[in-house]
Amino acid sequence: MPTPSLAALPIRRLTLRDLTACADLSEDRGWPREEHKWGLLLTAGKGFGIDDPEGGLVAACVVTEYGAWQRPDLGAIGMVLVAERHARRGVGRRLMRHVLSAMGSTPLTLHATPYGRPLYEELGFKVTGRAEMLMGRFTPSGPESSVATRAATAEDLPAILRLDEEVFGTDRTPLITRLPAFADQLRVAEAAGRLIGYTAAWPNMDTHVVGPLIARDTETAKALIASLAARTERPLRTDIDVRHEELLAWAKERGLASVAFNSVMTYGVTDLPGDWTRRFAPLTVAAG
């Protein structure tokens, strides 16, 4: 039987059973396999993919929705990948058009690499910001922070969710409530008995990714990062909004080096909701 054309291959929803195929696709494109992250995204979000008749996936992506149940007010697109053998044949464009249609009028956001940005601009996405990826071994220096931090407990979850919604601008309960199981560390910062920030460190290959990072101010963000670093022997990785220049300079002085820049893009909305001054880093760029 003749092999069907790429344009005739159906797009279907992915599930956790597709995790290995998604990781294989990441590896095919020279990315880390990132099974842990794929597992989170496939359960907290909606995966879309195209099966390869010869095995594996032609393409995949994930959309994480935020807001009211079945009435999202923001969707984050991530992990848009096309197998190398099928690259530059319009597959990514077709998959993205399918996602745009499926999401209807819901505003969307994504972090674009320089390679992917032209496609997203063609589809109507606009650049609204930038994030800088840092990675390295954190070396503490300078005086100890006066900001109090501690490990989060189950009793902190309602306050974390309230703060997260206030700063992010929409309800992320399905994602944030998975953090205690997903992350190796979940820590909070307090002042006068009130929660003023929180962060997590989750395992990704040989690093710990710092995110989300939400904090009242830069000093609180610094204290939270330092508290995570003091409790891991792995290198840290994080993606910081470039408008937080002081935090970026501080992190670089302590051993984290610049790896890459991504463009923050939106579709159907001129800017992201919430308070960027307290939003320092995402849980992962794939989830906005």
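This report describes the cores, helices, pockets and cysteines of a predicted model.

## Basis of the description

The model is predicted, with local features requiring pLDDT of at least 70 and side-chain atom pairs counted only at pLDDT 80 or more, whereas totals for chains, interfaces and linings use all residues. Residues are numbered from 1 along each chain as its sequence is written, and side-chain values rest on heavy atoms, with hydrogens and water left out.

## Nonpolar cores

In soluble globular proteins, nonpolar side chains tend to be buried together. A nonpolar core is here a set of buried Ala, Val, Leu, Ile, Met, Phe, Trp, Tyr and Cys residues joined through side-chain atoms within 4.5 Å. Buried means under 20% relative accessible area, exposed means over 50%, and partly exposed lies in between (1.4 Å probe, protein chains only).

The largest nonpolar core holds 39 residues, and Trp 38, Leu 179 and Tyr 198 have the most contacts inside it. Another core, of 25 residues, lies apart from that one and includes Leu 6, Val 58, Val 63 and Met 96.

Helices (H or I, at least four residues) and strands (E, at least two) are DSSP runs, numbered from the N terminus. The expected span of a helix is 1.5 Å times one less than its number of residues. Helix α5 (residues 157–168) has 12 residues and should span 16 Å at 1.5 Å a residue, which agrees with the 16 Å between its end C-alpha atoms. Its buried residues are Ile 160, Leu 161, Leu 163, Asp 164, Val 167 and Phe 168. Gly 169 follows α5 and has a positive phi, near 95°.

Helix α8 (residues 218–229) also has 12 residues, and its reach of 16 Å from first C-alpha to last is close to the 16 Å expected. This helix is mostly covered, with 10 of its 12 residues buried. Among them are Lys 222, Leu 224, Ile 225 and Leu 228.

## Pockets

Pockets are found on a 1 Å grid over the protein atoms alone: a pocket is an open set of points with protein on both sides within 12 Å along at least five of seven lines, whereas a cavity is a set of points where a 1.4 Å probe fits but cannot get out; lining residues have an atom within 4 Å of a point. Grid points are joined across faces, edges and corners, and a volume is the space filled by probe spheres set on the points. For linings, Ala, Val, Leu, Ile, Met, Phe, Trp, Tyr, Cys and Pro count as nonpolar, Asp, Glu, Lys and Arg as charged, and the others, Gly among them, as polar.

The largest pocket contains about 1200 Å³ of space. Its lining has 44 residues, with Trp 31, Val 80, Leu 81, Thr 113 and Tyr 115 nearest the centre, and divides into 24 nonpolar, 12 polar and 8 charged. Strand β4 gives the most to this lining, 6 residues. The second largest pocket, of about 450 Å³, is lined by 19 residues, including Pro 143 and Ala 223. Helix α8 supplies the largest share of that lining, 6 residues.

## Cysteines

A disulfide is a pair of cysteine sulfur atoms within 2.5 Å, and the count comes to 0 disulfides. The sulfur of Cys 22 is too far for a bond because the closest cysteine sulfur, in Cys 61, is 9.8 Å away. Cys 22 counts as buried, at 0% relative accessibility, and Cys 61 counts as buried at 0% as well.
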